[in-house]
Amino acid sequence: MGQLAVNRRLFLGGSAGLAVSSFLGFAPALAADGKIRMFWWGSEERARRTNEAVDAFEAANSGVQVETEFTGWDDYWTRLATQVAGRNAPDLIQMDYRYMFEYARRGAIKPLDEYLGGLLQIEDFGQANLASCRVDGKLYGINLGVNSSCVILDLDAWQETGVEPPTYGTTWEEFADKADAFMKGNKRSKFYATADASGSEPGFELWLRQHGKSLYTEDGGLGYEPADLADWFKFWGEIRAAGAAVPPDIQALYKDTIETSPVTLGYAAVDVAHSNQFVAFQQLAKQKLGMTAYPVLEGGEPGHYLKPSQMLSIISTAGDTETALKLANFLVAEPEGTKILGVERGVPASAKIRDLLTPELDEVSQVAVEFISKLEPYAGPLPPAPPPGAGELSVLLKQVSQEVSFESSSPEDAADSFVAQANDIIARG
């Protein structure tokens with residue numbers, strides 16, 4: 001928590017300075033020297049595709065130079081916050097829905113509405129996909145693709161046990177029963193039916209939505225009580241106690257990267273992820289993987305929702321906004337760029353681009369597109385916007401869930417502690 005607090009102070013101080021300097025006219029705007037920096041989080045597969053697309057963009061635009069950098073999710077926000085505070089942030093950055101509101105409201109990223117129809121040819125993304133990238137009515141993000149939470153399946157492992165894997169419409173109770181049945185048929189050593197998803201914020205949010213609650217309220221508070229989180233911890237605790245979920249020492253190896261997933265490391269036949277990550281999961285796996293929706297609550301509300309998998313945003317102090325926007329448009333709306341990226345960042349928001357890509361997609365990418373098409377019965381509206389500090393809460397949830405799994409805290413005490421700390425973080429706003 002100490003490191004998180006320091007990084008948050010860095011960001012708030014830095015971005016406040018950015019907002020003031022922009023207002024006074026000191027921040028560069030369209031100083032088109034053709035040299036920009038781009039920064040994103042993701043896997044090696046994402047880096048390969050992105051760098052290939054950047055090379056194509058440079059080849060098509062004489063004199064343009066794009067310096068690229070990527071890292072894993074855990075390190076990305078710390079490094080970006082430090083760069084923003086030091087006024088040396090990259091021009092074009094990858095943005096997440098839970099962080100966009102904070103960065104926009106602190107003045108750290110540019111509103112983009114004035115470029116629509118000009119440098120940004122994304123009107124055909126549709127109102128819903130444009131609205132999901134807006135803060136207080138202004139466009140701050142460029143949708144890189146549509147995705148949703150999903151369940152990753154090691155299909156070979158399930159076939160070995162003779163148990164049908166979870167699928168669309170499987171209830172939470174059935175999921176637990178299938179995990180038990182899997183272990184009865186499992187012949188592998190140190191191999192389990194499922195990863196422990198108790199520290200997954202997307203998973204917990206989906207569970208809440210099915211119970212008629214939400215991660216956050218419209219006014220930026222928590223949309224649930226400690227008892228709701230304790231129930232979530234207890235559900236996963238029962239699966240661990242039955243020996244069907246990976247033990248805490250294995251789950252602790254997970255560092256919010258595909259490379260460290262229990263499925264990738266060969267410890268589990270199920271993990272939770274985002275649908276756009278499926279391509280990279282299969283790229284790393286020797287076994288055949290599949291993808292399905294989260295379990296459902298019988299009689300409950302839809303838990304899934306479609307959102308921008310990631311966005312591209314322009315830093316307020318960008319030295320060459322024009323080139324940064326041209327690159328963003330190349331990646332999301334121009335055939336050459338979008339064909340290279342494929343669906344690794346999500347299913348394209350543009351119907352025109354989807355139609356262009358679909359016939360050329362490989363089997364793995366087709367699975368990702370098919371998942372989105374099948375999800376409609378299980379998907380509801382976008383949730384309320386995350387408040388400032390929301391990014392810290394996902395890290396905190398993982399930490400607290402580990403306290404429960406290592407039995408250093410009860411589900412009830414851990415839930416009380418989490419909610420108290422979460423309210424403090426939101427209050428600092």
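## The largest cavity

About 770 Å³ of space lies in the largest cavity of this predicted model. A cavity is, on a 1 Å grid over the protein atoms alone, a set of points where a 1.4 Å probe fits but cannot get out. Grid points are joined across faces, edges and corners, and a volume is the space filled by probe spheres set on the points. A search of the whole structure finds 5 cavities of 30 Å³ or more.

The lining of the largest cavity is made of 45 residues, where a lining residue has an atom within 4 Å of a point. Nearest the centre lie Pro-202, Tyr-254, Asp-256, His-274 and Gln-277. Helix H8 (201-210), helix H10 (248-251), strand E9 (270-274) and helix H16 (390-405) are the elements that give two or more residues to this lining. Helices (H or I, at least four residues) and strands (E, at least two) are DSSP runs, numbered from the N terminus. The most comes from H16, with 6 residues. By residue type, the lining of the largest cavity divides into 15 nonpolar, 19 polar and 11 charged residues. Here Ala, Val, Leu, Ile, Met, Phe, Trp, Tyr, Cys and Pro count as nonpolar, Asp, Glu, Lys and Arg as charged, and the others, Gly among them, as polar.

## The second largest cavity

The second largest cavity holds about 260 Å³ of space. It is lined by 20 residues, and the closest to its centre are Arg-98, Glu-201, Glu-205, Tyr-305 and Lys-307. Two or more residues of this lining come from each of helix H4 (97-105) and H8. The largest share, 4 residues, belongs to H8. The lining of the second largest cavity divides into 10 nonpolar, 5 polar and 5 charged residues.

## Aromatic pairs

The structure holds 27 aromatic pairs. Rings of Phe, Tyr and Trp (its six-membered ring) pair if their centres lie within 6.5 Å; planes under 30 degrees apart count as stacked, over 60 as edge-to-face and the rest as tilted. Trp-41 and Trp-77 form a tilted pair, at 5.5 Å centre to centre with 45° between the planes. Because Trp-41 lies in strand E1 (residues 35-41) and Trp-77 in helix H3 (residues 73-85), this pair ties together parts that are 36 residues apart in sequence. Trp-41 and Trp-77 are buried; buried means under 20% relative accessible area, exposed over 50%, and partly exposed in between (1.4 Å probe, protein chains only).

The ring centres of Phe-204 and Tyr-224 are 5.0 Å apart and the planes stand at 85°, so the pair is edge-to-face. Phe-204 belongs to helix H8 and Tyr-224 to the loop between H8 and helix H9 (226-241), so the pair ties together parts that are 20 residues apart in sequence. Phe-204 and Tyr-224 are both buried. These two residues also belong to one aromatic cluster, together with Trp-172, Phe-175, Trp-207, Trp-232, Phe-235, Trp-236 and Tyr-294.

## Helix H12

How many of the 13 residues of H12 are buried? The number is 11, so H12 is largely enclosed by the rest of the structure. Among the buried residues of H12 are Leu-325, Leu-327, Phe-330 and Val-332.

For the 13 residues of H12 the span should be 18 Å; the end C-alpha atoms are 17 Å apart, which agrees.

## Individual residues

Leu-153 is placed in strand E8 (residues 149-154) and is buried, with a relative accessible area of 3%. The C-alpha atoms of Leu-153 and Pro-166 are separated by 8.3 Å, and these residues are 13 residues apart along the chain.

Arg-87 is not a glycine, yet it has a positive phi of about 60°. Arg-87 is found in the loop between H3 and strand E3 (92-95) and is partly exposed, with a relative accessible area of 46%. Lys-190, also not a glycine, has a positive phi of about 50°. Lys-190 lies in the loop between helix H7 (172-185) and H8 and is exposed, with a relative accessible area of 51%.

## Basis of the values

Residues are numbered from 1 along each chain as its sequence is written, and side-chain values use heavy atoms, with hydrogens and water left out. As this is a predicted model, local features need pLDDT of at least 70 and side-chain atom pairs count only at pLDDT 80 or more, whereas totals for chains, interfaces and linings use all residues.

Technical notes
1 Å grid on protein atoms, 1.4 Å probe; cavity = no way out; pocket = protein on both sides within 12 Å on 5 of 7 lines; lining within 4 Å. Expected span 1.5 Å × (residues − 1).
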